[in-house]
Amino acid sequence: MQLTDSRDIKAAPEAVWAAILNPEVLKDCVPGCESMTGSVEAGFEAAVVQKVGPVKARFTGVVTFSDIAPGRALTLTGEGKGGAAGFAKGSAKVTMEPIPEGTRLTYEVQANVGGKIAQLGSRIIDGFAKKMADEFFARFQQTVEGPPPAEADGADPETADEAGEASGEKKGWFRRLIG
Amino acid sequence: MPKDHGIGASSKRREDVRFLTGKGVYTDDLALHGQTYAVFVRSTVAHGRIKAINTANAAAMPGVLAVFTGEDFKDVGGNPAGWLINSRDGTPMREPKRPVLAHGKVRHVGDAYAAVVAETYNQAKDAAQQLADDTDIEELPAIIDMKAAAADASNRVHDEIPDNLCFDWGWIEDNRATVEEVFRTAPHVTTLELVNNRLVPNAMEPRASIGEYFPGTGDYKLTTTSQNPHLTRLLVAAFVMGIPENKLTVVAPDVGGGFGSKIYHYGEEALVLAAAKKLARPVRWTAERSESFLSDAHGRDHVTKIELACEKDGTFLAFRTETYANVGAYLSNFSTATPTFLHGTLMAGPYKVPNVYVNVKTVFTNTAPVDAYRGAGRPEATFSLERVIDKMCRELGLDAFEVRRKNFLTPDQFPYTTPVGLVYDTGNYQATLEKAIEMADVAGFGARVAASKARGKLRGLGLSTWIEACGIAPSHLVGVLGSRVGLYDAATVRVNATGNISVMVGAHSHGQGHETVFAQIVAEKLGIPESSVEIVHGDTSKIPFGMGSYGSRSLAVCGTAMTKAVDKIVAKGKKIAAHMLEASEGDITFEDGKFSVAGTDKAKTFGEIAFSAYVPHNYPLETLEPGLEETAFYDPANFTYPAGAYLCEVEVDEGTGKVDVVAFHCADDFGNVMNPMIVEGQVHGGVGQGIGQALCESTTYDETGQLLTGSYMDYAMPRADDVPFYNVDYSCQTPCTHNPLGVKGCGEAGAIGSPPAVVNAVIDALHRGGHTHVTHIDMPVSPNRVWQAING
């Protein structure tokens, strides 16, 4: 299964870079993620609960980082074991380039599943993977950028003001966190 | 008026009463005192090196009695291949060991590398998962594509086999040069590349086995889902476990379908026996449906290039094929015979084609083992031939019926030696073709095309003729061809004192209806009611010997053995009658259940003779032993050659690509027919499976060797609304010349003849709709593929 897409994020490449290496951010962005701990050097240990078609399982595994070009590109590789459900593994090659609006994040995802998920869920696995990727990057974008303006207006006018001040760049939870 | 009794009657299947009322007894129905449960730990990767298996956690779990890994079986024998095939250069095939449990490497998804035995099924299941979690397997690149596997020595299913080839077989190698010369000079050559799609057998009853060990005597008992209990006993005892055959009983009780997949011995059978011995308790295992998908021997899976050389008028000059045949990760028992001697030898079809050359490269891949499945090699041969002939007819603008008529062997040419090594004893291919044309109302086809068109559908007519070699097989001949066993069969007819009869037969019935048909034959021959005859099968402790049920052989081979045993009973009965009637043996005749002195009214009934044999108060004890029980072995002189012609009509929806089979006509020559109803049922079942292969069934592994069609959500079995009402005829009969019943076998026919008829019909429909660029669509001819072909 292969998936290639890109997203424009209204944040500077350094902010995007820092976010993608932050286990807390990844935990919030990976759908169904229960825990994500560790370091970039040693890799992150992750636990994710997901349901693929008829198979629901808790996948545990390690995400490692390679081909690190700070601020520009990296590859995330991971394999999760889901017990009786089988396994899922894959890699995402992520590149970042500055654009006037912020950062263009391009990703090439390669994923494979094995065991019961492959036998029972293959029909839906491509759609599932795309949905997972879409959801991840949507959350990631939202986390880095902060809530969209309409919602932000209602929920936190102060954030919107701040975002306005920072030359059209929204300043979300994460940006505030890292200053 | 049709007979209502004996040979030729449509006696109702007596076994169906228990099957349909839930009173059948299958392996999983047996409950044994002290029984334990085995669960297998199977690889989730297609190819991997086993680095470590930590059994400690699993062994300590509640209820766990024993844990086994490949290490425990590394010193016992492997499960052997039954046929030795030599490559074109004379070297013997590569035969990697097939262990009870994978050792060192796992070679396909579903390859069992460990097993857990526990008090309950759930405990065993939990511990098996623990064991899987505690196993370190280094995944290796999977070898899936056959041509890539044969071209890449760097990645190997078996480390000792560099090119992943089991063998590269030429048939007949000496004819290769001549055939090439014919192709160089032929006025026309048609070439077709095709795939014969891999099938999962999907017997209704999954495989199941129960092992028992009796420490007091050292005896073992294996109850298992087998088409072939004696062969299983031979393999598991002599080859794998080293148990003397007299210490092992194999019982195959009611078995819910096999279609080939239950011919073979599987490692699970050896495991439950070994575990039963270790624990001195019964050990049982029943496959889950997922396990069946992953580990039953699959069928077909050929990639073929076939060429037909002919005159411009369609007269065949030569066939040439190059086939890659998948054997999967290990050699299953018949896997080397299926793509060779059950395939290449049929590549002349029912035609008088002078030159044929067949090349088969058999390739190991990281997929489940592939072996014989209903038809086994002959459907592949028939599909290749009938598709390339259909393509040739279109290329040259010839009539498909005329081309067959022109090339058929004629009835006066039998016995006929084919260029691929068989001797057809008898046949009348013209008769079945004309019968099919009449049944299908080919004359009215044009009107039906118009009617379909009016409904917005394209209608097509597809013809396939077929022939097979079955009733396998003459032991001498198959020995020459590489078989490591003889393929005779045996039966014992035991007449009890009160005249009723138990017949112990080597053939195993798992849906075929032997219990009914065999009783009909015995009843007819002895002039007694069918209800007085009981057929006993599937128990090595009761039956002299048997080579099982497959290859449409039960009636032709075992039925003949039974008939010969009945003849011996009659011969002995005549001796007893001569004594009782005070006549000379030569004057005794036997008819309608009575032994009579010719030309007199002096007679004794069969029952009186039987009683006298067991209560020999007036009996020639000096010259004749008491009792009335005879055993016969029968080794056939030749294969049998049933043949036929099938016509399929389809409607294709151009908008969606959906194909509906709207009519299917079968004109078959099975020789003499013992029970017409059962023959029709066999043809229905076979054609249903063939339509399933043609339209629905696809076994798909992804490039990493994951089985993507591992359940009925993704593997499409044909349903009732995918098949039409069949029109079946078996009136064209040329009885087999070398068995006394004159029978040929009908079990595989439908699955052999139907796939090309369906595909030819689809191509015909598309051409009638103007889509003449479509020359072939690979099976399954799914709506997607048809739509792509139309719009491609």
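Q: What makes a residue buried, exposed or partly exposed?
A: Count the other C-beta atoms, placed from the backbone, within 10 Å of its own: 20 or more is buried, 12 or fewer is exposed, and in between is partly exposed. This is a predicted model, where local features need pLDDT of at least 70, side-chain atom pairs count only at pLDDT 80 or more, and totals for chains, interfaces and linings use all residues. Residues are numbered from 1 along each chain as its sequence is written, while chains are lettered from A and ligands numbered from 1 in the order in which they are written.

Q: Why is Gln123(B) classed as it is?
A: Gln123(B) is buried because 20 other C-beta atoms lie within 10 Å. Gln123(B) belongs to helix α3 of chain B. Helices are DSSP runs of H or I with at least four residues, strands are runs of E with at least two, and both are numbered from the N terminus.

Q: Which residues is Gln123(B) in contact with, beyond four places in sequence?
A: Two residues are in contact if their C-beta atoms, placed from the backbone, lie within 7 Å. For Gln123(B), these are Met61(B), Pro62(B), Gly63(B), Val64(B) and Ala118(B). Val64(B) is 59 residues away in sequence, yet the C-alpha atoms are 6.8 Å apart.

Q: How many residues of chain B are in contact with chain A?
A: On chain B, 14 residues are in contact with 14 of chain A. Helices α3 (121–133) and α8 (289–295) of chain B each give two or more residues to that side.

Q: What does chain A contain?
A: Chain A has six helices and seven strands. Of its 179 residues, 36% are buried.
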